[in-house]
Amino acid sequence: MPLAKRIIPCLDVTAGRVVKGVNFLELRDAGDPVEIAKRYNDQGADELTFLDITASSDDRDLILHVIEAVASQVFIPLTVGGGVRKADDVRRLLNAGADKVSINTTAVSNPEVVEQAASRFGSQAIVVAIDAKATDASNSRWEVFTHGGRRATGLDAVEWALKMQQLGAGEILLTSMDRDGTKIGFNLPLTRAVSDAVDIPVIASGGVGNLQHLVDGVKQGHADAVLAASIFHFGEYSVRQAKEAMHAAGIEVRF
Amino acid sequence: MKVLIVDYGMGNLASVARAIEVAGGRAMISLSPMDIKKASHIVLPGVGAFPDAMHALHHGGWVESLIEAFNVQCIPALGICLGMQLLADYGEEHGITPGLGIIGGRVCQMVPQAGERLPHVGWNEVIQVKQSELFARTEPSADYYFVHKYHFNAANQESILATSNYAGGFVSAIQREHVFGVQFHPEKSSKNGLQLIRNFLAMG
């Protein structure tokens, strides 16, 4: 039997609240992180991802308190990302209760941090987050962006994912910036290109608007896990309904 | 119930401690084998490499005390993930390293089959092959959360409590008398994992 494909609700956190934006902008309040985490846990979520989207370094420690509060009540794997600059930041997040730490901007500016963190804490604890945007209308090449999608890097997303695997990343969290918050579905060519290129699990992110999109992410995008925010936050679908839809499509899921 | 969690510097013990507290035990994260005499239960956690872990256990003075606690004092014990593997006779990760030798077997790297990836990370089914109180009131064939690339190759069939299908099949739970080992992380396996911890606390 293959491993169950995972459904991962994503909680973007700023100033201690869960928010959700469209194309990385226009934030809307979605509620208290602990309450939301508990709700998803009870619905059968396989993991939870917290992204600290605070732009400045102020309030950086707030995420540690959020993680501690969530970890004391929710017993499924937690991934935390945002603002990780050095291997020591990874240690602080793991100690607060994270099981995995996601590295994004720093992976580009200081790739050795990925290598150090993977050798210190194990590849299973290190996720590299890649925010990618199509370079032209053909949607066949994608460029990596950093700083919450504000800065272009000139790096090719597929090559970058391979390099991160080589440095010890245990997983790739792949977000399509073109699709984020649009609810028109994952960028499937991007997801498939990266999933097929690397040997480590790929989490598809960005654009989920209905349950068929989750199915497509696995079946057509070849993703190992699917991440979504808005469809769960605003009560359109429960995690349970998402699993039923995937199961009905012949995908192995955990109930 | 005072549950001693062996702290030998490998991995984050906070989630194990929190799960024990929620399951009704009192968690005592300990750096000293002297604390064993205060414990009703022992949990041996661990994430990382087998040789590093054995080295750290020796360095912390744990090895003889744990062997005595398991074999002579008969304190109920639970090894989690690498902690389960350390119960074996020896590990084959980066060369041969003697383990605690509590449950016969050796720890070898998994061999992924076509289309499988290593490490084995995620939720997978645990198939009970032997009746045990450890799994009482958990859902049959429930999924538990795994993160590992080595597995426990048990010397005696009788010690195998459960298996899982990956890399050609591997042992996901073992037992010798009051000593248990689980390859998955019950502290990250939601309600079934918490039930398993409750069952462990009810022993002894």
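Colleague: Which residues does B:Ser159 touch, not counting residues up to four places away in sequence?

Modeller: Contact means heavy atoms within 4.5 Å. On that basis B:Ser159 touches B:Ile103, B:Ala154, B:Ala173, B:Ile174 and B:Gln175. This is a predicted model, in which local features need pLDDT of at least 70 and side-chain atom pairs count only at pLDDT 80 or more, while totals for chains, interfaces and linings use all residues. Side-chain values use heavy atoms, with hydrogens and water left out.

Colleague: At what angle do helix α6 and helix α7 of chain A pack?

Modeller: Axes are lines fitted to C-alpha atoms, for helices over the stretch in contact, and angles run from 0 to 180 degrees between N-to-C directions. Helix α6 (residues 157–167) and helix α7 (residues 188–197) of chain A pack at about 30 degrees, their axes 9 Å apart. From α6(A), A:Ala157, A:Val158, A:Ala161 and A:Leu162 meet A:Leu190, A:Ala193, A:Val194 and A:Ala197 of α7(A).

Colleague: How is an aromatic pair described?

Modeller: One gives the distance of the ring centres and the angle of the planes. Rings of Phe, Tyr and Trp (its six-membered ring) pair if their centres lie within 6.5 Å; planes under 30 degrees apart are stacked, over 60 edge-to-face, and the rest tilted. The whole structure holds six aromatic pairs over all chains. One of them, B:Trp123 with B:Tyr145, is edge-to-face, at 5.7 Å centre to centre and 65 degrees between the planes. The pair links distant parts of the chain, 22 residues apart: B:Trp123 lies in strand β8 (residues 120–125) and B:Tyr145 in strand β10 (residues 143–148) of chain B. B:Trp123 counts as buried because its relative accessibility is 0%.

Colleague: Which charged residue lies over the face of B:Trp123?

Modeller: A charge sits over a ring if NZ of Lys or CZ of Arg is within 6 Å of the ring centre and within 35 degrees of the ring normal. A:Arg254 lies over the face of B:Trp123, at 3.6 Å from the ring centre.

Definitions and conventions. Residues numbered from 1 in each chain as written. Chains lettered and ligands numbered in written order. Helix = DSSP H or I, 4+ residues; strand = E, 2+ residues; numbered from the N terminus. Buried < 20%, exposed > 50% of the residue type's maximum accessible area, 1.4 Å probe, protein only.
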